[in-house]
Each structure stands twice: as structure tokens, then as C-alpha cells.
Amino acid sequence: IIYLIVNLALGYESSFLPVGICAELLAGYSEEVEEGMSSQDCAEAKQYGSHPRFDLACYMKALDGAATLVKLVGDDKADVRVAAIYALGWFPDQAELSAPALRAALQGDSSLEVATALISLGLMAQNSKCIELSEFRAFLHNGAAPLVRFAAAVALSSEAISLDVMDLLMQGLANEIEPGSPEQLRINDGNLAGLAGIILSQSAPGSRAIILPALCEALQDANASTCLDVTSALLQLVMVKDGAILELPVSARQLSADQHMTLLVIAQHGGWEVDGATFANFSMLVQSFGLPASRQALLDYLAGNERN
């Protein structure tokens, strides 16, 4: 039920990673989207329940009841505790009430609970003034469990990324954080490689020479669903500049070496199909960056066939 409440409040949590969300930001985003809609679009959105005001109303309703989750951080059942800890990170407007409970969870014996609390506090810290990122640095030390160290790196990633944080994020990208462990972070549906890729592409552009090959390698090992985040991270690095998507040149010969390498890896190893059928979500993602929407079309372009 707790996870359902979060889903109703957020929709797709990946839309708000890695920076989190708060009521003020969501209200501003909803207003911006509504201003860009035509009257016909608004009418249709209201008819089908997809109007941005509805999204904001769902979040605000969940926020109103978020305080009741605080007591569940100390519940007798471990799965309830983890769910409550995870959920509270998405409601930083309640941070003054919930942060003490999450800090207390950091002292527990469960690696999953500690890691989840670090993630939630990290999300809160980006949208609340009552949490300091310096609180989490001690959890980077080798004495902590790998899952906890990775979570601490995620929590600290909104500041200038240090070498130790970079190293842990790269481990997450390579799926080296307790592979096969029954304990799985809920954040980003447990896709730690995708989460690490998103953070690295947005927060460490100065380390592109290291990150880009690592992302390309991660894509080769990803499955159809987990490859979405890695592909998005790759395209953010090579097809976006100053917040705007670059126009794809008519000829692939005009691509930079990094662009050509990245697009070739996406063409060869991307999640274009699932069980022999086209994976529409992947095609739509690639197309949203101005690229050909099929594997063969992208391969043809890279082989030298100019775009029409």
C-alpha cells in the first residue's frame, strides 16, 4: 500500500531522479506545462485525467498524509519499515518531522534499511534546508556494507563528486554492488546501474572520458528494461549541450568520434526488441533525442546513408 501511495503521488519516479521533488517544484512544473497547452489539449487532458493539475493534486494528497508514515519507520515488520523509509524521501516538505526518524534508521543493523534511509535523506537534502550532506560521508568508508556505501555515494552526488563517490557510482554502473543479493534497493525499481548512469551523466560531465566508455560497456550487459536509463544517460552526454538536444547531422561523417561510438553501441546493443517484438519505449526514447527510431535505420545512418 505504501508503494502504491508513492506511485500515485509521483507517477514514474524516474522522472524526478536524481534530484527528488517537492510541492513547490511540482507546482511550478505543472503551471509551466499547463501554460504550454492549447485549450483543446487542456480539455482533452481534463477529460482523460491526464491534466498536470491532477498530477499535482495527487502529490499534494499524498503529502498531506505523509506524516503518518513516520511512525512506521519503527514498525515491527522489516518490509514495512523499508517501505516507509523509502516513501518519506519523496516528501521533503515534511523533512523537519521525518528526518529524525530517518537518521535513527541509519543506526540500524539492516544494510537495506540503512541504505534506503541514506537514499531518502539524500533526496530530501536537495529540497530541504534541514539536512546537511556532510552527515552521510562517514558511510562511504570501507567498514560499511557495499550497498550502504553505494547509497551514501548516491546521497552525496548532488555536490561536487569526489573520487570515492565516483568510484562507488562506477561500481554501481558495472553491477558490482552485491550482485545476486536478496536485499534490493527500491529506488529506480532496483536498477542501480541505471541510477548510477543517470547521476554520472548529469553530475560529472568533467569526467566524460571515463564515464562514456563505462556507460557503453554497461549497455552491452543491460537487459531491455534496465537499458532505458543507461541509454538515456549516454544520449544526455553526446546529444545534449547546454540543456538543448543537438540536431543530428545529415551525414554521420559530421558526428564527433564520441557521438559515432555511442550511437553505434546503442544501435548494436540497445533494447530494440523484447521477445522478438519491437520495444516501443526504447524506440520512443531514442527518437526523442532526434535519432532514427529503429535499429536498422540507425545502423544505415551510421554506415553512411544520409538522412532525408
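I count a residue as buried when its relative accessible area is under 20%, as exposed when over 50%, and as partly exposed in between (1.4 Å probe, protein chains only). My helices (H or I, at least four residues) and strands (E, at least two) are DSSP runs, numbered from the N terminus.

This is a predicted model, in which local features need pLDDT of at least 70 and side-chain atom pairs count only at pLDDT 80 or more, while totals for chains, interfaces and linings use all residues. Residues are numbered from 1 along each chain as its sequence is written, and side-chain values use heavy atoms, with hydrogens and water left out.

**Helix α8**

I started with α8 (146-156). Because 10 of its 11 residues are buried, α8 is largely enclosed by the rest of the structure. The buried ones are L147, V148, R149, F150, A151, A152, A153, V154, A155 and L156. I then looked up what covers them: the cover includes α7, α9 (163-173) and α10 (192-203), with contact meaning heavy atoms within 4.5 Å.

**Helix α7**

Next came α7, which has 15 residues and reaches 21 Å from its first C-alpha to its last. That is close to the expected 21 Å, the expected span being 1.5 Å times one less than the number of residues. I found 14 of the 15 residues of α7 buried, so α7 too is largely enclosed by the rest of the structure.

I moved on to S128, in the loop between α7 (111-125) and α8. Is S128 buried or exposed? At 15% relative accessibility, S128 counts as buried. Its side chain reaches the backbone nitrogen of C130 at 3.4 Å. Not counting residues up to four places away in sequence, S128 touches P92 and A95.

**The core**

I looked for nonpolar cores, meaning sets of buried Ala, Val, Leu, Ile, Met, Phe, Trp, Tyr and Cys residues joined through side-chain atoms within 4.5 Å. The largest has 102 residues, of which Y59, W90, L118, L185, I187 and I266 touch the most other members. Helix α7 gives the most to this core, with 10 residues. I also listed the partners of I187: leaving aside neighbours within four places in sequence, I187 is in contact with E13, L17, Y86, W90, I119, L123 and L195.

**A charge and a ring**

Last, I checked for charges over rings (NZ of Lys or CZ of Arg within 6 Å of the ring centre and within 35 degrees of the ring normal). The charged end of R186 sits over the ring of Y3, 3.8 Å from its centre.

Methods:
Polar contact = N/O pair within 3.5 Å; in protein donor to acceptor, adjacent residues only side chain to side chain.
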